[in-house]
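Me: Got a structure here I'd like to go through with you. Can you take my questions as they come?

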Amino acid sequence: RPRYQERTGIELHMRVGLNTGAVVVGNMGSGQRFNYTILGDAANLAARLEGANKAFGTETMISENTWRLAASEFQGRKLADLRVVGRKTPMTVYEITGLSSESAPPEWATFSAGLDQFRAGDFVSAAETFSKLPGDPAARHYVQHCEALVAQPPEDWEGIWELTSK
């Protein structure tokens, strides 16, 4: 990103969702109309994760399937146990932040403690913990989410962040 900005003067931001699984890729359709596309549940989940970045203020979110394959090469942190729109089963998602040769920021221990409090349903403590990380977009989003859950507590808490929109 810094090199691109240096060359063009434009700061580039985008969201990416990554998932690993079987898909079908190619030209699909009929003789009159066809498109090059990708089909399959794995591709659908990747698209959902791309959109889920909005809820966390992150740019790169990956599924647990992909994290298992990439964790030895990349630096990242657990973001949430998440249920995306259109799926009943929750999944653990991660944020990739760099290469494995880079050291984890010390603030990640605080973020992890906040995650534990959030999963336990202690939204007040979680909000206090996440508020110690004002420079962390995901922590700021957790503070807002915790405050909303304190104002309107869930009936059956499972420790899962449930998205209600794509």
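**Helices, pockets and a cavity**

Reply: Start with α6, where A138, A139, Y142, V143, H145, C146 and L149 are buried. Bear in mind that this is a predicted model.

Me: What do the buried residues of α6 pack against?

Reply: They pack against α2 (41-56), β5, α4, α5 and β7.

Me: How many residues does α6 have, and how far does it reach?

Reply: α6 has 15 residues. From its first C-alpha to its last it reaches 22 Å, close to the 21 Å expected at 1.5 Å a residue.

Me: OK, zoom out. How many helices and strands in the protein?

Reply: There are 6 helices and 7 strands. Along the sequence the pattern reads α-β-β-β-α-β-α-β-β-α-α-α-β.

Me: And what does the C-alpha trace span?

Reply: About 60 × 45 × 30 Å along the principal axes. The protein has 166 residues, and buried ones make up 36% of them.

Me: What share of the contacts comes from residues 24 or more positions apart?

Reply: Such residues account for 58% of the contacts with a separation of 6 or more.

Me: Back to helices. Which residues of α4 are buried?

Reply: W108, F111, G114, L115 and F118. Seen down the axis of α4, the buried residues fall within an arc of 115 degrees, so they line one face of the helix.

Me: Why would residues three or four places apart point the same way?

Reply: An α-helix has 3.6 residues a turn, so residues at that spacing point the same way.

Me: What covers the buried residues of α4?

Reply: The cover includes strands β5 (74-83), β6 (91-99) and β7 (161-162). It also includes helices α5 (123-130) and α6 (137-151).

Me: What span should α4 have at 1.5 Å a residue?

Reply: α4 runs over residues 107-119, so its 13 residues should span 18 Å. Its end C-alpha atoms are 19 Å apart, which agrees.

Me: What happens just after α4?

Reply: G121 takes a positive phi there, about 85 degrees.

Me: New topic, pockets. How much space lies in the largest one?

Reply: About 200 Å³. E59, T60, F74, E95, I96, T97, G98, L99 and E102 line the largest pocket.

Me: Which element gives the largest share of that lining?

Reply: β6, with 5 residues. By class, the lining of the largest pocket divides into 3 nonpolar, 3 polar and 3 charged residues.

Me: And the second largest pocket, how much space there?

Reply: About 170 Å³. The residues lining the second largest pocket are R83, H145, L149, P154, D156, W157, E158, I160, W161, E162 and T164.

Me: Which elements supply at least two residues each?

Reply: α6 and β7 do.

Me: Last topic. How many cavities of 30 Å³ or more?

Reply: The count comes to 1. The largest cavity holds about 30 Å³ of space.

Me: What lines the largest cavity?

Reply: R48, G51, A52, V84, V85, L163, S165 and K166. By class, that is 4 nonpolar, 2 polar and 2 charged residues.

Methods: Residues numbered from 1 in each chain as written. Predicted model: local features only at pLDDT ≥ 70, side-chain atom pairs only at ≥ 80, totals over all residues. Heavy atoms only, no water. Helix = DSSP H or I, 4+ residues; strand = E, 2+ residues; numbered from the N terminus. Expected span 1.5 Å × (residues − 1). Buried < 20%, exposed > 50% of the residue type's maximum accessible area, 1.4 Å probe, protein only. Arc of directions from axis to C-beta. Contact = heavy atoms within 4.5 Å. 1 Å grid on protein atoms, 1.4 Å probe; cavity = no way out; pocket = protein on both sides within 12 Å on 5 of 7 lines; lining within 4 Å. Points joined across faces, edges and corners; volume = space filled by probe spheres on them. Nonpolar A, V, L, I, M, F, W, Y, C, P; charged D, E, K, R; others polar.
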